[in-house]
Each structure stands twice: as structure tokens, then as C-alpha cells.
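Welcome! Please take a moment to look over the sequence and the model, and then we will walk through some of its features together.

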Amino acid sequence: MKKFISIILIAILFSCFAFSGCSRSSKDKKQGEKKIVKVAIMYDEKNQGAAYKEIAKEFEKNNQDTKVEIMYEFNDENKIRETIFEKGDVDIVGIKRNEVIEFSKSGQLLDITDFIDEKELGKKLYTICLSYGKYNGKNYGIGDMPMTIEWFYNSNMFNKYGLKEPEDIKQLIDLSNKLKSKKVTPISIGAMDGWTLSLLFGYISAQTTGIEEFTSNYGSDEKSYEKIPNINDAFSAFGKLTHYCIPKSSIDINYKKSIEEFVTGKSAMLPAGSWALEAVEQLKPAGFNYQVFEKPVNMAQQTVSKYSASAGQVLVIPSKSKNTETAKKFMEFLFSEDAQKIFASKGYISSLKSVNSSEDEVKRRILMHLDEAEDNSILLLDNMEPNISEAVTNVLQDIIEGRVKPQEAWDRALKTAFKK
């Protein structure tokens with residue numbers, strides 16, 4: 001009997017040691033585990049994605065208890081919606097501006113206004129980067145790739161014919177008539193790719209209307225959109241440009257061809273995003289000199305905003321994220337000087353003003369315009385519901401081809417977008 005009791009006691013004692021050892025092992029393992037912050041971006045693993053990879057490594061060096069997982073080419077709308085609305089398995093997601101409006105309205109995004117104020121990012125970043133993540137007075141995200149819509153022009157040609165940079169639409173039309181008399185296409189734009197027209201129209205509407213009216217009406221009915229102020233003025237200005245400055249044949253060329261026409265001297269001006277700078281540099285022949293207009297070309301007597309600009313993808317933290325504090329910590333580092341220098345070193349404009357500098361006059365002007373962009377400068381194309389955006393793009397192509405009159409355009413676009 002004593003022997004049996006001894007065996008039982010030994011078994012119990014062994015179990016206690018074993019349990020204690022397992023518990024200690026489990027505890028040690030838990031202490032050794034790293035926090036993981038998952039970041040999903042629109043870009044591929046090259047270019048901007050390579051910058052993110054480098055930034056993640058630098059963050060991990062300074063935060064050895066944290067691992068950053070970058071998910072590339074996270075562009076599928078259904079996947080994004082599932083992640084934000086249901087799973088909450090990604091801590092930072094890059095989304096479009098129109099999705100910021102939609103998702104924040106339904107309470108799916110974390111309000112990071114206090115975080116932005118605490119870190120004084122409003123003073124450090126370009127306004128447009130914060131504008132892209134703002135809705136109804138609150139900040140839900142930050143744009144990571146600021147860009148402007150510019151008027152590129154052939155400075156050799158301007159000097160040859162004694163032309164000056166136009167200050168308003170009347171001067172632009174007069175200049176275009178002079179160029180046509182020299183058998184030069186005034187403005188090249190790849191209208192086959194309708195988004196090029198939407199960018200130009202967005203530049204015009206930023207001045208005539210601004211973007212806040214579109215933001216407040218997002219998700220509204222057709223009647224609400226009909227009341228957008230001065231939108232017909234934007235279509236009227238666009239109609240003048242297509243009549244006097246942009247050839248009807250533009251509908252037969254794409255974006256790439258429009259750049260080719262510009263650098264080969266077939267056309268004198270190219271309205272395009274500042275990102276076109278890279279393509280122009282790659283395609284331009286020796287001796288080709290160009291510039292961007294120093295001041296905005298005013299499309300209205302009183303402008304709401306001087307420029308039209310983009311902030312690329314908007315980085316947001318889903319409300320369902322279980323690692324919000326770690327996500328904020330990475331976001332803080334991402335927009336720090338050390339991290340943003342990595343973006344700048346790869347040839348991109350940084351969201352952080354202090355990092356950007358250039359001896360190149362073209363880039364200096366772009367940075368100056370970016371500094372003047374504000375809440376009303378958001379690209380119209382990015383701020384509308386997809387069905388309305390598509391309808392506007394189609395109607396702009398119709399204007400160029402003469403199928404729709406400018407004064408009928410907005411009504412036509414809305415009827416198409418809201419048709420049952």
C-alpha cells in the first residue's frame with residue numbers, strides 16, 4: 001500500500017514539474033514572440049513598394065519586438081472591402097479617396113485626428129496629403145504620394161515664337177491660335193484614355209467649383225448633384241479648350257502618344273500629372289527643353305482653388321484592427337524624416353515638406369504648386385462615386401467629338417449615372 005502511495009506521489013510530483021516546465025516554456029515562448037503589424041499597399045514590390053520594404057526594415061531595427069509584413073498589389077475592391085468590413089486582419093490599408101468617404105461614413109475607419117494633431121503632422125506634411133484622408137472634419141488617413149496637375153510646355157518653341165506663359169483661359173486661347181498659325185498643335189492630350197480628360201476637367205472644376213460640394217453630396221441622389229454650384233462653368237471652359245486648343249483627332253491617341261507628340265515638337269503644351277515628368281525625361285530627344293507654367297491658368301474670374309492635386313493611395317487603419325497602437329507607431333515612423341528620405345532617394349516627392357528639394361527648375365515649380373494645393377484641390381476623378389466619374393469621363397469624350405454640347409454635359413452625365 002505504501003509502495004502504491006509512493007508511486008502516486010511521484011507521479012503527481014512529476015506532473016507538477018512537467019506542468020511547471022511547460023508553463024515556463026510557454027511563458028518564455030510568449031515573451032519571445034514579436035508583435036506583427038500588417039500593411040497592405042496598392043503598389044507592386046518594385047518602385048514605391050521597394051521604398052516600403054526598406055522603411056519596414058528600418059522600423060524593425062528600432063523596434064525589435066515588432067515585425068512589419070508588407071502586402072503588395074492590394075488592389076482588389078472586394079478584398080479590400082472584406083478586410084475592412086469583416087476580417088480586420090490588416091492593420092494599415094492603402095485605399096482610394098472615394099473609398100475613404102464611403103468607409104468612414106459607415107464607421108469602418110479609425111479616426112486618427114488626435115494622432116495627427118499630437119504628432120503635429122498638419123504642420124509637416126503637404127495639406128493635400130491630409131485632405132485626401134479627411135471627411136466631415138475628421139482625419140481617417142494620410143496620402144503617401146503627393147502629385148499635381150501641371151501644364152508642361154515646350155520652352156524652345158515658346159522662345160522661338162515669342163510666346164509668354166498664359167495667365168488665364170483667354171490668353172491660352174490667343175496663344176493657341178498663334179501656334180495653329182504656325183502649323184503646331186497647341187495642346188496634346190490622349191483623349192482615347194478618358195482619364196486624361198478627367199484630369200484636365202478636374203483642374204478646371206477645382207477653380208470654378210472646388211471639391212467640398214462634391215464631398216458633401218457623395219452618396220446623394222441625382223437632384224442633389226444637380227445643385228452643384230458653377231459646375232456648368234467648368235464644362236463651358238472645357239468646351240472652349242476643346243474648340244480652340246485641342247484638336248478633335250485627340251480622341252484617336254492615347255496618353256503615351258500624347259507625350260510622344262509633345263517631346264517631338266508636334267504639340268506645344270501637355271496638361272498632365274506631375275508624374276509625367278519621368279516619361280518626358282525618358283522620351284525627350286537631345287536639345288529638347290521644357291517647363292511647367294509658373295502660375296495657374298485661371299479658368300474663372302474668381303477661383304476657388306488654384307491647383308488640382310492628388311495624394312496617391314490613402315493609408316488608413318480599419319476600425320476592426322486589433323493592433324491600432326502598433327499601427328499608429330509605424331504610421332508615425334513612415335512619415336518621419338528618416339523614412340521619407342527613402343521615398344525621396346528613389347525619385348518620388350515626399351509627403352513630408354522638409355525632405356523635398358531640387359535644383360531643377362521644373363521640379364521646384366511643381367513643389368511650389370504642391371505647397372499651394374489645399375482641401376479644394378482634390379482630384380475630381382478621385383472624389384466622385386465610380387458611376388458618376390465614369391459618366392463624366394464619357395461625356396467629356398463626347399464633347400471633344402461634338403456629340404454633346406458643354407451646357408448639356410452635366411445633365412447628360414447625371415442621367416447616365418443614375419439611370420435605373
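## A helix to start with

How far does helix α13 (residues 231-244) reach from its first C-alpha to its last? The 14 residues of α13 span 20 Å, close to the 20 Å expected at 1.5 Å a residue. Here the expected span is 1.5 Å times one less than the number of residues in the helix. Helices (H or I, at least four residues) and strands (E, at least two) are DSSP runs, numbered from the N terminus.

Several residues of α13 are buried, which means under 20% relative accessible area, while exposed means over 50% and partly exposed in between (1.4 Å probe, protein chains only). The buried ones are Ile231, Ala234, Phe235, Ala237, Phe238, Gly239, Leu241 and Thr242. An α-helix has 3.6 residues a turn, so residues three or four places apart point the same way. In α13, the buried residues pack against α9 (169-181), α10 (195-208), α11 (212-216), α20 (386-401) and α21 (406-417).

## About the model

This is a predicted model, in which local features need pLDDT of at least 70 and side-chain atom pairs count only at pLDDT 80 or more, while totals for chains, interfaces and linings use all residues. Residues are numbered from 1 along each chain as its sequence is written, and side-chain values use heavy atoms, with hydrogens and water left out.

The predictor's confidence in each residue is its pLDDT, from 0 to 100. For the protein chain the mean pLDDT is 92, and 92% of the residues reach 70 or more. Over residues 1-31, however, pLDDT stays under 50, and the model has 0 contacts there beyond four places in sequence. A contact means heavy atoms within 4.5 Å.

## Aromatic rings

The structure holds 19 aromatic pairs. Rings of Phe, Tyr and Trp (its six-membered ring) pair if their centres lie within 6.5 Å; planes under 30 degrees apart count as stacked, over 60 as edge-to-face and the rest as tilted. With centres 6.3 Å apart and planes at 40°, the rings of Tyr43 and Tyr52 make a tilted pair. Tyr43 and Tyr52 are both buried.

Phe152 and Tyr290 also form a tilted pair, because their ring centres are 6.3 Å apart and their planes are at 40°. This pair links distant parts of the chain, 138 residues apart: Phe152 sits in strand β7 (residues 147-154) and Tyr290 in strand β10 (residues 290-292). Phe152 is buried, at 0% relative accessibility, and Tyr290 is buried too, with a relative accessible area of 11%. Elsewhere in the list of rings, Trp151, Tyr153, Phe158, Tyr203 and Phe293 form one aromatic cluster.

## Empty space

Rolling a probe the size of a water molecule over the atoms shows where empty space is left. On a 1 Å grid over the protein atoms alone, a cavity is a set of points where a 1.4 Å probe fits but cannot get out, and a pocket is an open set with protein on both sides within 12 Å along at least five of seven lines; lining residues have an atom within 4 Å of a point. Grid points are joined across faces, edges and corners, and a volume is the space filled by probe spheres set on the points.

How many cavities of 30 Å³ or more are there? The count is 1. The largest cavity has a volume of about 40 Å³, and its lining is made by Ile149, Glu150, Trp151, Tyr203, Phe293, Lys295, Pro296, Tyr307 and His369. Strand β7 gives the largest share of that lining, with 3 residues.

The largest pocket has a volume of about 1,200 Å³. It is lined by 39 residues, of which Gln48, Met145, Pro146, Met147 and Trp275 are the closest to its centre. Two or more lining residues come from each of α4 (97-105), α10, α15 (276-283), α18 (361-372), α19 (380-383) and α20.

## Residues worth a look

Lys183 lies in the loop between α9 and β8 (185-187). Its phi is near 65°, a positive value in a residue other than glycine, and Lys183 counts as exposed at 78% relative accessibility. Asn230, in the loop between α12 (222-226) and α13, has a positive phi as well, near 60°. Asn230 is partly exposed, at 41% relative accessibility.

Ile187 belongs to strand β8 and is buried, with a relative accessible area of 0%. Leaving out residues up to four places away in sequence, Ile187 touches Trp151, Cys245, Ile246, Pro247, Met269 and Pro271.
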